[in-house]
Amino acid sequence: MGTIVEAANKGANGSIPGKNPTVVFVLGGPGSGKGTQCANIVEHFGYTHLSAGDLLRAEIISGSENGTMIQNMIKEGKIVPSEVTIKLLQRAIQESDNDKFLIDGFPRNEENRAAFENVTGIEPASVLFFDCPEEEMERRLLSRNQGREDDNIETIRKRFKVFLESSLPVINYYDAKAKVRKIDAARPVEEVFETVKAIFAPKNEKAD
């Protein structure tokens with residue numbers, strides 16, 4: 001199972017004009033700690049972190065028609081249509097000066113996955129799956145108190161159920177292509193990042 005660097009060198013290329021991006025999908029249930037680990041990867045390995053959720057929330061704040069629709073769907077625990085999220089991701093990749101991207105919280109389902117590859121022409125170099133038990137995710141979400149309206153116990157459980165039903169087929173699809181790097185995310189942040197570093201660092205180089 002090679003590193004991300006090796007996977008990227010095999011040519012997981014996209015067709016976004018003027019770009020030849022390396023894309024790593026980052027998946028995990030709500031509260032799995034993937035956002036924290038993405039920040040660590042950005043700092044140590046120079047990736048740009050694109051959170052599908054953050055892009056959607058920014059669209060909500062913008063007050064656009066899309067934003068209102070997104071807000072209503074999130075409240076109901078539904079998944080936002082693929083084309084909306086893909087358009088936001090494409091725009092973010094196009095506008096960035098970087099060519100290495102972590103896409104966090106997307107694809108959320110098989111339809112997302114197929115649409116992303118068809119629309120952008122990008123197949124991910126790898127897929128990071130932060131695996132964490134539901135009880136631990138619940139504990140983390142309820143204690144972090146970030147004022148997000150989708151962080152109450154009922155919605156958390158709904159989001160976890162949606163994640164299991166929708167995202168696991170995506171993980172299985174990429175696992176069959178040997179692209180999934182499964183990480184035990186129930187451990188302390190520092191221990192989880194040690195595992196992440198081993199995935200991202202080239203074999204002949206040790207990450208700091």
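Asn112, once neighbours within four places in sequence are set aside, is in contact with Ser82, Ile86, Phe106 and Pro107 in this predicted model. Asn112 is found in helix 6 and is buried, with a relative accessible area of 1%. The UniProt record, an unreviewed entry, places the feature "binding site" at Asn112.

Helix 6 (residues 110-120) also packs against helix 8 (residues 153-176), where the two axes come within 8 Å and cross at roughly 50°, and the two helices are therefore oblique to each other. On the helix 6 side the contact involves Glu110, Arg113 and Glu117, which meet Ser166, Pro169, Val170, Tyr173 and Tyr174 of helix 8. The residues of this contact divide into four nonpolar, one polar and three charged.

A search of the whole structure finds 12 salt bridges, including the pairs tabulated here.

| Salt bridge | Closest N and O atoms |
|---|---|
| Glu76 with Lys78 | 2.9 Å |
| Glu110 with Arg113 | 2.9 Å |
| Glu123 with Lys177 | 3.5 Å |

Glu123 lies in the loop between helix 6 and strand 4 (126-131), and Lys177 in the loop between helix 8 and strand 5 (180-184), so this pair ties together parts that are 54 residues apart in sequence. Glu123 is partly exposed at 27% relative accessibility, and Lys177 is partly exposed at 38%. Salt bridges that share partners join Glu110, Arg113 and Glu117 into one network.

Key:
Residues numbered from 1 in each chain as written. Predicted model: local features only at pLDDT ≥ 70, side-chain atom pairs only at ≥ 80, totals over all residues. Heavy atoms only, no water. Axes fitted to C-alpha atoms, helices over the stretch in contact; angles between N-to-C directions. Helix = DSSP H or I, 4+ residues; strand = E, 2+ residues; numbered from the N terminus. Parallel < 35°, antiparallel > 145°, perpendicular 65-115°, else oblique. Contact = heavy atoms within 4.5 Å. Nonpolar A, V, L, I, M, F, W, Y, C, P; charged D, E, K, R; others polar. UniProt positions renumbered as here; feature names shortened; annotations may be inferred. Buried < 20%, exposed > 50% of the residue type's maximum accessible area, 1.4 Å probe, protein only. Salt bridge = Lys/Arg side-chain N within 4 Å of Asp/Glu carboxyl O.
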